[in-house]
Amino acid sequence: MNIKWVIKRVIKSCSWLLLTLWFPAAMVVTVGTASANEPFGMFKDTASLEPDRVLVLLAEVENCSFCKRVKNDFLLPLTLDPKWEPLFQVRRIDLNSQAIVTDFTAQKISQQELSQAFNADFSPTVMFIHPRTGQRIGEDIVGLVTPDFYGFYLQQQITQSYNKITGQL
């Protein structure tokens, strides 16, 4: 037996193990989150936003299984895709939280008040916001009613919103 062939077979058969060990670490580094369980940070202020990327603002409540699915099955894969990642940024707000944030008018308000200002009262609600003005530039996606088409709707709204920001309409 050729030793090179044996080494190639071992590497090939163990590649799934290497991918399994590498992928979670890459996910945390790539997304830059505060915790390993949460892929996207909370909205804090506009200073941390990139002005040329759509703000995808996810209004959620704690322990929401539909929110978790929206984040992990739809938003996270798009943020890891080199085609989509430059177009948008994701932040979260908790519909019930009294944590203080700085809104788009530089006022200090709670996350709950910010969600009320956006008329987001259902979890999950995905909003498409202009990062400089705070204006909605896309249609909200409320709930997770049609998972089979959710990715399409999400990509459609990100694309249309990005085109509004960059003046490509």
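This report walks through one predicted protein model, from its overall layout to a helix, a pocket and a few loop residues.

**Ground rules**

Because the model is predicted, local features need pLDDT of at least 70 and side-chain atom pairs count only at pLDDT 80 or more, while totals for chains, interfaces and linings use all residues. Residues are numbered from 1 along each chain as its sequence is written, and side-chain values use heavy atoms, with hydrogens and water left out.

**The overall layout**

The chain holds four helices and six strands. Here helices (H or I, at least four residues) and strands (E, at least two) are DSSP runs, numbered from the N terminus. Reading from the N terminus, the order is α-β-α-β-β-β-α-β-β-α. The chain has 169 residues, and 41% of them are buried. Buried means under 20% relative accessible area, exposed means over 50%, and partly exposed is in between, with a 1.4 Å probe and protein chains only.

**Helix α2**

Where is the kink in α2 centred? It is centred on K71 and amounts to about 30°, the bend at a residue being the angle between axes fitted to the seven residues ending there and the seven starting there. K71 is also one of the buried residues of α2, together with C67, V70, F74, L75, L76, L78 and T79.

**Aromatic pairs**

F74 leads us to the aromatic rings. A search of the whole structure finds five aromatic pairs. Rings of Phe, Tyr and Trp (its six-membered ring) pair if their centres lie within 6.5 Å; planes under 30 degrees apart count as stacked, over 60 as edge-to-face and the rest as tilted. One of the pairs joins F74 and Y150, tilted, with 4.8 Å centre to centre and 45° between the planes. F74 lies in helix α2 and Y150 in helix α4 (residues 147-166), so the pair ties together parts that are 76 residues apart in sequence. Both F74 and Y150 are buried. Elsewhere, F43, F104 and F118 form one aromatic cluster.

**The second largest pocket**

On a 1 Å grid over the protein atoms alone, a pocket is an open set of points where a 1.4 Å probe fits, with protein on both sides within 12 Å along at least five of seven lines; lining residues have an atom within 4 Å of a point. Of the 14 lining residues, E38, E60, N63, K71 and R92 are the closest to the centre. The elements giving two or more residues to this lining are α2 (65-79) and β2 (88-94), and α2 provides the largest share, four residues. By type, the lining divides into four nonpolar residues (Ala, Val, Leu, Ile, Met, Phe, Trp, Tyr, Cys and Pro), seven charged (Asp, Glu, Lys and Arg) and three polar (the others, Gly among them).

**Loops and backbone**

N63 sits in the loop between β1 (54-60) and α2. Its phi is near 60°, a positive value in a residue other than glycine, and N63 is exposed at 76% relative accessible area. A106, in the loop between β3 (100-102) and β4 (108-110), likewise has a positive phi, near 70°. A106 is exposed, at 57%. T105 lies in the loop between β3 and β4 and is exposed at 55%. By contrast, V90 in strand β2 is buried at 6% relative accessibility.

Here are some separations between C-alpha atoms.

| Residues | Apart in sequence | C-alpha to C-alpha |
|---|---|---|
| V90 and P39 | 51 residues | 9.3 Å |
| A106 and A47 | 59 residues | 9.9 Å |
| T105 and T133 | 28 residues | 8.5 Å |

Finally, which peptide bond is cis, with omega near 0°? It is the bond from S123 to P124, and P124 is found in the loop between α3 (111-117) and β5 (125-129).
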